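Subject: Structure for your review

Dear colleague,

Please find the structure below, together with its sequence.

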Amino acid sequence: MTTLAAHSRFNTGIYHGKLGMWIFLASEIMFFSGFLGAFIVLRNLNIELFTASAHQLDKVVATINTAVLITSSLTMALSHLALERGEEAKFRLFLTITIVCAFGFLGIKSFEYATKFSHDIYPWTNTFFASYFTMTGFHALHVIGGLIPMIWMLGKSLTKGYPQSMHHRVETLGLYWHFVDLVWIFLFPTLYLIF
């Protein structure tokens, strides 16, 4: 029965969870493309306002945050590789580093937000900052969305052990996490560097 269930999960040639994740990510691409498209149109209509506002962003802090997120993408891939090889201790180590990096990213982003609020800059200040807070805010929600299953997997590994046979779940989560990184790779130059 178990064998039949396991085979039926792969009858498309792709693990169903992985296929579902690709479909979900396709919808997410359309979601963030809408934001970026609106941003470009608004920028072209208000180029002076957008340029002046973008210069109030901290490029150094954002660059550090980008490095933190890219590092987490690497450790996420390494955690999957370790579990696939049956090295659970390394799996826990790399997953822990990924979680720490994710919290670090959110902490740095919170610092950026707090700095803006202390200078009386809010989402309703102007069109640029409305776009900035909306896009980075939704991206932060996606980071939190990735953190939840990571923490669950780490907790399961620490308490009952994480089965090597379920490495495809980590791979599927890794797809999501790489997408979160990819979105930031687009947001970072769009908001911080092109002005």
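A pocket, as the word is used here, is an open set of grid points where a 1.4 Å probe fits, with protein on both sides within 12 Å along at least five of seven lines. Please note that this is a predicted model.

The largest pocket holds about 240 Å³ of space. Its lining is made up of 13 residues, and Ile29, Phe179, Leu182, Val183 and Phe186 are those that lie nearest the centre. Helix H2 (16–45) and H7 each contribute at least two residues to this lining. The greatest contribution comes from H2, with seven residues.

Helix H7 spans residues 167–193 and includes Thr172. Is Thr172 buried or exposed? Its relative accessibility is 9%, and the cut-off for a buried residue is under 20%, so Thr172 counts as buried. Beyond its neighbours within four places in sequence, Thr172 is in contact with Tyr15, Gly17, Lys18 and Met21.

On the surface, there is a nonpolar patch formed by Phe31, Phe138, Leu141, Ile144 and Ile148, whose accessible area together is about 450 Å². Helix H6 (residues 127–159) gives the most to this patch, namely four residues. Ile148 is located in helix H6. With a relative accessible area of 57%, and the cut-off for exposed residues being over 50%, Ile148 is therefore classed as exposed.

Yours sincerely

Methods
Residues numbered from 1 in each chain as written. Predicted model: local features only at pLDDT ≥ 70, side-chain atom pairs only at ≥ 80, totals over all residues. Heavy atoms only, no water. Buried < 20%, exposed > 50% of the residue type's maximum accessible area, 1.4 Å probe, protein only. Contact = heavy atoms within 4.5 Å. Patch = residues over 30% accessible without salt bridge, like charges linked within 9 Å, V, L, I, M, F, W, Y side chains within 5 Å. Areas by Shrake-Rupley, 256 points an atom, 1.4 Å probe, with all protein chains shown as cover. Salt bridge = Lys/Arg side-chain N within 4 Å of Asp/Glu carboxyl O. 1 Å grid on protein atoms, 1.4 Å probe; cavity = no way out; pocket = protein on both sides within 12 Å on 5 of 7 lines; lining within 4 Å. Points joined across faces, edges and corners; volume = space filled by probe spheres on them.
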